[in-house]
Amino acid sequence: MNNIKIFTEENYSELSRRSAQIIKTQLDAKPASVLGLATGSTPIGTYEELVRLYKAGELDFSQVTTFNLDEYFPIAKASDQSYVFFMRKHLFDFINIPDEKINIPNGEATNHAAECDEYEKKIAASGIDLQLLGIGNNGHIAFNEPADYFPSVTHYVKLDDTTIKANSRFFQNENEVPRHALTMGIKTIMQAKKILLLASGAGKAEILCEAIFGTITPKNPASVLQLHHDVTIITDKEAGNLLIPRQ
């Protein structure tokens with residue numbers, strides 16, 4: 001497991017600080033880095049810390065390009081449940097990244113297949129230097145759900161019932177959660193030069209342990225990270241509980 005570095009922090013705040021410092025190190029070394037970004041509750045603390053570092057004059061995002069992992073489909077960009085809204089609320093509105101360097105799949109596209117093809121071409125043209133990931137309760141990374149195969153490139157996907165239930169906390173009720181999304185594929189994610197995965201809470205402990213130490217299988221999409229050459233995993237104490245004896 002020399003390709004995977006694991007840091008188990010005392011709590012979520014420490015997790016977020018370490019994650020932000022890794023991203024800062026990337027930008028210090030390469031100011032024009034291409035970052036792959038994630039949504040969900042886990043990276044919020046990281047984004048807050050990045051904003052703090054920017055306001056303190058320790059970070060500059062003026063040359064950075066970003067690609068988000070996914071977006072619900074269909075969904076209006078102005079919806080407060082869209083990932084466009086999420087990213088602006090938690091990061092983009094508070095840093096100096098140019099709008100033209102922000103890339104998020106278009107949940108308003110009239111043709112989802114064409115949108116996926118175009119998004120994949122944009123990623124391929126620049127590559128991703130550092131990809132930030134979370135892990136779902138069922139092992140999904142981005143919206144690549146458990147399946148019989150690893151989806152390769154950016155694609156249109158039907159969300160798993162467990163994902164819909166988990167994401168319903170962000171909506172008025174479960175019925176409001178979109179049933180489909182546009183998402184980077186596994187191959188797209190695996191082509192990033194570096195991967196940074198965050199996991200918080202006891203509910204992620206078992207699936208994360210299976211992903212890192214178990215069989216590589218599309219039934220647990222995150223398990224494919226065992227094959228990547230440069231993965232850093234940061235957990236809080238609860239999510240890393242099953243990893244500690246095996247580090």
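Modeller: The model is a predicted one. Its largest pocket has a volume of about 440 Å³. Of the 26 residues lining this pocket, T39, G40, I135, G136 and H140 are the closest to its centre.

Biologist: What makes a residue count as lining the pocket?

Modeller: The criterion is an atom within 4 Å of a pocket point. Helix α5 (residues 161-167) supplies the largest share of the lining, 4 residues.

Biologist: How is the lining of the largest pocket divided by class?

Modeller: The lining comprises 10 nonpolar, 13 polar and 3 charged residues. Gly counts as polar in this scheme, so G40 and G136, both among the residues closest to the pocket centre, fall in the polar class.

Biologist: Why is the aromatic pair of Y72 and F143 called tilted?

Modeller: The ring centres of Y72 and F143 are 5.8 Å apart, and a pair requires centres within 6.5 Å. The planes stand at 40 degrees; stacked applies under 30 degrees and edge-to-face over 60, so the remaining term, tilted, applies. Y72 belongs to strand β4 (residues 70-73) and F143 to the loop between β6 (130-133) and β7 (155-158), so the pair ties together parts 71 residues apart in sequence.

Biologist: How do you know whether Y72 and F143 are buried or exposed?

Modeller: Buried means under 20% relative accessible area. Y72 has 1% relative accessibility and F143 has 3%, so Y72 is buried, and F143 is buried as well.

Biologist: What makes the pair of Y83 and F143 stacked?

Modeller: The ring centres of Y83 and F143 lie 6.3 Å apart, with the planes at 15 degrees. The limit for stacked is under 30 degrees, so this pair is stacked. The pair links distant parts of the chain, as Y83 is in helix α3 (residues 83-90) and F143 in the loop between β6 and β7, 60 residues apart. Y83, at 9% relative accessibility, also counts as buried.

Biologist: Which residues do ring pairs link into a cluster?

Modeller: The cluster consists of Y72, Y83, F86, F143 and F171. The count of aromatic pairs in the model is 8.

Biologist: How do you know that β6 and β9 are paired strands?

Modeller: Pairing needs at least two bridges. β6 and β9 have 4 bridges and run in the parallel sense, with L130 opposite K194 in β9. β9 and β10 pair over 5 bridges, also in the parallel sense, and A199 has T235 in β10 as its bridge partner.

Biologist: Why are β1 and β5 called edge strands?

Modeller: The open sheet has 7 strands in the order β1-β10-β9-β6-β2-β3-β5, with parallel pairing. β1 and β5 (102-103) each pair on one side only.

Biologist: What packs against the buried residues of α7?

Modeller: In helix α7 (residues 205-213), the buried residues are A205, I207, L208, C209, A211 and I212. They pack against β1 (4-8), β9 (194-199) and β10 (231-235). Of these strands, β9 is mostly covered, with 5 of its 6 residues buried.

Technical notes. Residues are numbered from 1 along each chain as its sequence is written. This is a predicted model: local features need pLDDT of at least 70, side-chain atom pairs count only at pLDDT 80 or more; totals for chains, interfaces and linings use all residues. Side-chain values use heavy atoms; hydrogens and water are left out. On a 1 Å grid over the protein atoms alone, a cavity is a set of points where a 1.4 Å probe fits but cannot get out, and a pocket is an open set with protein on both sides within 12 Å along at least five of seven lines; lining residues have an atom within 4 Å of a point. Grid points are joined across faces, edges and corners, and a volume is the space filled by probe spheres set on the points. Helices (H or I, at least four residues) and strands (E, at least two) are DSSP runs, numbered from the N terminus. Buried means under 20% relative accessible area, exposed over 50%, partly exposed in between (1.4 Å probe, protein chains only). Contact means heavy atoms within 4.5 Å. Rings of Phe, Tyr and Trp (its six-membered ring) pair if their centres lie within 6.5 Å; planes under 30 degrees apart count as stacked, over 60 as edge-to-face and the rest as tilted.
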